[in-house]
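User: I would like to go through this model term by term. Please set each value against its definition and then conclude.

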Amino acid sequence: MAALLWIVPALPLLGFLLLFLAGGRASRLVTAIIGVGSTALAALLTLALAAWFLHAGQPIVRATLWQWIGVGGFTAPIGFELDALSLVMTLVITFVGFLIHLYSSEFMQHDDGYGRFFCYMNLFVASMLILVLADNLLLLFLGWEGVGLCSYLLIGFWYRDAANGRAARKAFIVTRVGDTAFMIGLLLLATHLGTLDIAALMERAQSAWPAGSALPTAAAALLLGGAVGKSAQLPLQTWLPDAMAGPTPVSALIHAATMVTAGVYLIARTHTLFNLAPSVQLALTLIGAATLLLAAFSALAQHDLKRILAYSTMSQIGYMFLALGVGAWTAAIFHFMTHAFFKALLFLAAGAVIMRIDDEHDIFRMGGLKRELPVAFWSFLIGAASLAALPLVTAGFYSKDMILWGAWNSGPRGPILWGAGLLGALLTPIYIFRAVFVVFFGERHTAPSGRYGARIVIPLALLSALALTAGFVDMPPALGNVTAFSRLLDPILPARQEVPTAASTEAAVMVIAALTALLGVGIAWWIYGRRAAAPARLFGTRPALALRRFWLCGWGFDWLYDCLLVRPFLWLARINRADGVDAFYGLIAAASRLFNRLLSRTESGRLRRYAGWIAAGSLAAIAIAMFA
Amino acid sequence: MEGSVPLAHAWVLAIVLFGLGLAGLLARRNLVFMLMSVEIMLNAAGLAFITAGARWGQADGQIMFILILTLAAAEVSVGLALILQLFYRSASVDADSARSLRD
Amino acid sequence: MMLAWLILVPVLGAVIAAVSGRAARDAPRWIALAALAVELALTVAIAVTAPGGRWLAHTHWRWIPQLGISFRLDLDGLSLVLILLAIGLTALAVAASWREIGERVGAFHSNLLFTLAGIVGVFLALDLFLFFFFWELMLVPMYFIIALWGHERRVYAAIKFFIFTQGSGLVMLVAILALALAHRRATGVLTFDYFALQGTALSPRIAFWIMLGFFFAFAVKLPAVPLHSWLPDAHTEAPTAGSVLLAGVLLKTGAYGLLRFVVPLFPQAAHAFAPIAMLLGAISVLYGALLAFAQRDMKRLVAYSSISHMGFVLLGVFAWTALSLQGVVVEMVAHGISTGALFIVVGMLQERLHTRDLARMGGLAAELPRLSALAMLFAIASLGLPGLGNFIGEFLILLGSFTVNRSLTIVASVGLVAAVIYALALVQRALHGQPHALRPAGAPLLDLGARETTVLAVLTAAIVWLGVYPRPLFDAAAGGLDHLQQGAPLIAVASPAPTPAPNSTPTPAPTLALTLALTRAERPR
């Protein structure tokens, strides 16, 4: 069974190759069969692997294909490793990936670039699987850059519009800044520990580096740089909202469920290193907390449905970073899983709305769609409920509760971090139910057309089910005390040494979180559902409008980077377009031309003048010879 | 050597002759006279060689003079031929009128 | 004997091609391809039948014994890899210019093959005089290729190219003579033999200046930044085949010279100079990338990107670790493939659009889907995406340099971000967006034909192969590189390297040695 491991990423890669070689000549049916089929097979194979893996008592499986680089004592194989962590990631990627592929086969039905779309999507799934299954950081980096490339290609999928191209380039360049930090981190690790094999690396780091010393801190900080870029956290978060220029299934798969959580995976994977660098872990915590609040406030002000979801994704990944920072590794992965389900669901539901109303993205031009689009409405509502962590019945509740409990229980800073998380937990239902009430209730502004086929309904239904039930694999002590998920990950991500606290405290924390979520829904209903007069008046005031503009543009980070980096770079490029160094050589050439002109004037044609110059020259030569 | 011309006199004569030739070369515009001036300069150089040869008692000076003699003969014949050609073409032996050759 | 044939085959091919041009227009192309096939077969045969060890084959004839000059050719793994690259790219260049070159076809291919002969000679010659001979030999036909078959400003570019390379070649000649004379003074024997000269006892100051002479010539060819300005003009104005050969192979002769001569002949001087050379490398990486982004002419953009890539090579050579040297070899091959391919792509676009101006392209992805897909692939290879060849080279160079000079390596890594910016600018401006308004709408553009597809498919396969399974390349180059590196332990960090000169002080720290050398040189006598 272990030998089959490499086939999981190979299947979508094969799909990519077939579609690439077909070059758009394959019919839509064949394209869909290859594109969807390859991910479906990968998902089935993963399921079989998972069954075997659990049955065999969670062995760590390694499958090395060939020596990729082997030079001067440094080796990096093309090799895969399966453990509980990568199994969870692989399951989510292949299943959510398969559902989104299925959805896309109908969603993209009328697009010219049907073949190209599935070609890129398959490449993405293959890269993402390589990322999570790689047994060494260099191969992980290959997957890491591969998903970045696919993200670029798919954001700019509709390439005729230059704005999409700009968004795509922005995404690639901003994440590449993080990737370069990651790469330098790899250099540091490889030169000091002599390997990039993850298991060996963690072992050697543990034994060679004392906690808190400079090297692990630098290495962890550099890896964090990579994670921050890929996962759109402060300060490299600006690309994600613009990335919504891509087709909606792309946003669902890449910019919500999988790629953007690669940073979370990287940190969880190298958590040993982060344990050795407490200061970096503190930074990680603060980045997570700050991003989750910043993004949540920004989401309140957006009126593009997909941008609301984009900021929400940033915010939820902020929760995961917070969890990683406080050492609640399992909670982060748990939230990754539930988030993948409910956020993919939200995006797909949003896409289902948008495709029926002439690609309208502005929520204030929608409205009253509940009756017209019941499938989209119920899916979106379930996704929103799960995102808002409505208590007991949604998956998001259990994972978010685990994070909040981890934050509360993380030493002296705990209550503050918990407070930040709780504020986010209040904002989340407000912004998402704002969207629910504005889009699906109230007056109707548009008339939907068309209808949904099975390939859209089935993924929505399955994801809805998962968004509700996926949380039941791990429940807090007060609610049945299920620990299946934690136990699964325990060998890979050891539980924190918890400060013993009364069970009642944990229950109280949970109840407060549950009440906060309900309060948030209530506020959203009060403002947008019931359309109360008081908040409308408040929003009309000048400071409120200014604040709204500020949040709308994502706290002005774009403007800041534009002034600090983009414009100086463009300016530098513009003034030096002709290459200043070349001007120097041009000067030499001009000088020799000048001398040429001066000297050629001595050729006067007057014989006697030549004779005179000869005489003078000879005299000078003799004089120099005699006196010098 | 008794009764011979002092060395310095021969030097001075050579210098004077050379100066005269140079002055003639620069001052005259008639190509024939310029050619003659060059001859005078060559002779001045020859005289200097003879004198030096006598001073050091070596034959090299006279060898050089013979070389200069043949050189001068060749030079005069080529020079006169050129001047003749120029005269046929421009009906003048003025050196400055040969400027048109430059272009 | 076999090695001499490696030079003779292209020469013979060149002569026949020149003559055959009169018989039929396409005859020279087929003759060139045939000559290249023979050359390739010969190279492979030599490599396969070679005995083990560092040297795969030798040819050693007396030439001018009075002056200690011999006709000495030796082949090791490094030379083999570069010769194979040269043969492959020349063949693709012939195929790529099938339609572009319509006049004086015989003379064109004759020049191409003469250039190849010179290049192969450069990679083989281990007599310094002979090396110089080949070094100059490859310039002249390249000058004609640019000056006769080039684009609008071809004469300007050709003369600039010639003056830069000729001038720097002169400096190298002086350095070669100085080295040979210094060797005679020390031993009484006048020789230009590489191995004899390798152990020459030189005072640090003299060694430094002679090393600088060599470095100057190779840095112009590479090119390193302040000496690069011939390259954008030459690459832009040359016909496609000329650009492919220039970028793909001619630049590599500079890197090869650094690897083969500068460091092994003057290990200590090179050690002292390493920080400055690495700094130049890092500057080249960033400067080339910035300038590439600024260009409007697509070919110029690719040309500046070459400078950026060669900056990595310079960095890796002077780091002189096993990793960085292997990285240098991979980077050279990968750059030859990816940049050669980009030049071919530009040539194809120019054939169709009659412009290289990026501002007048746009939206080509819809009209030329296959050409665009491959153009994008090579642009992505050029920005160093893992899985394609350039990444392996750049990663190994950075990894090897990191232990030697951490800060400069980090500076050079920033070039990875800059590479994304220019590569995506190329993709965006040429392939995406809306078609330019001035393009005549009537005639639809033809996508890749069979010949063009074959050319680009070969290059695609090569760059992917290099990116996922570079091991054969490592193995081929390893023998040569290991000996180079062990022969000149540049980074014997802790212990001072064995000092050949009796009067030389123990190796001081690199920067200190450099300042010493400079101050001593400046002191008036």
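Analyst: A compact globule of 103 residues would have a radius of gyration near 13 Å, but chain B has 17 Å. The radius is taken over C-alpha atoms, and the globule rule is 2.2 Å times the number of residues to the power 0.38. This is a predicted model: local features need pLDDT of at least 70, side-chain atom pairs count only at pLDDT 80 or more, and totals for chains, interfaces and linings use all residues. Residues are numbered from 1 along each chain as its sequence is written, while chains are lettered from A and ligands numbered from 1 in the order in which they are written.

User: What makes up the secondary structure of chain B?

Analyst: Three helices and zero strands. Helices (H or I, at least four residues) and strands (E, at least two) are DSSP runs, numbered from the N terminus. Along the sequence the pattern is α-α-α. The C-alpha trace of chain B spans about 55 × 25 × 20 Å along its principal axes.

User: How much of chain B counts as buried?

Analyst: Of its 103 residues, 15%. A residue is buried if 20 or more other C-beta atoms lie within 10 Å of its own, exposed if 12 or fewer, and partly exposed in between, with C-beta atoms placed from the backbone. For chain A, 55% of 628 residues count as buried. For chain C, 62% of 525 residues do.

User: What makes α13 of chain C mostly covered?

Analyst: In α13(C), 22 of its 22 residues are buried. The helix covers residues 298–319 and reaches 32 Å from its first C-alpha to its last, close to the expected 32 Å. That expected span is 1.5 Å times one less than the number of residues. C:W320 follows α13(C), with a positive phi near 55°.

User: How do you know that β1 and β2 of chain C pair?

Analyst: Two strands pair if DSSP finds at least two bridges between them. Eight bridges join β1(C) (residues 55–64) to β2(C) (residues 69–76), so they pair, and they run antiparallel. C:T59 stands opposite C:L73 in β2(C). The strands form a hairpin with four residues between them, and C:G68 in the turn has a positive phi of about 70°.

User: Which pair of chains shares the most contacts?

Analyst: Chains A and C, of the two pairs in contact. Two residues are in contact if their C-beta atoms, placed from the backbone, lie within 7 Å. Chain C gives 42 residues and chain A gives 39. α18(C) gives the most to the chain C side, with ten residues. That side divides into 28 nonpolar, twelve polar and two charged residues. Ala, Val, Leu, Ile, Met, Phe, Trp, Tyr, Cys and Pro count as nonpolar, Asp, Glu, Lys and Arg as charged, and the others, Gly among them, as polar.

User: What about chain B and its neighbours?

Analyst: The contact between chains A and B takes eight residues from chain A and nine from chain B. The chain A side has three nonpolar, two polar and three charged residues. Chain B and chain C do not touch, and their nearest C-alpha atoms are 26 Å apart.
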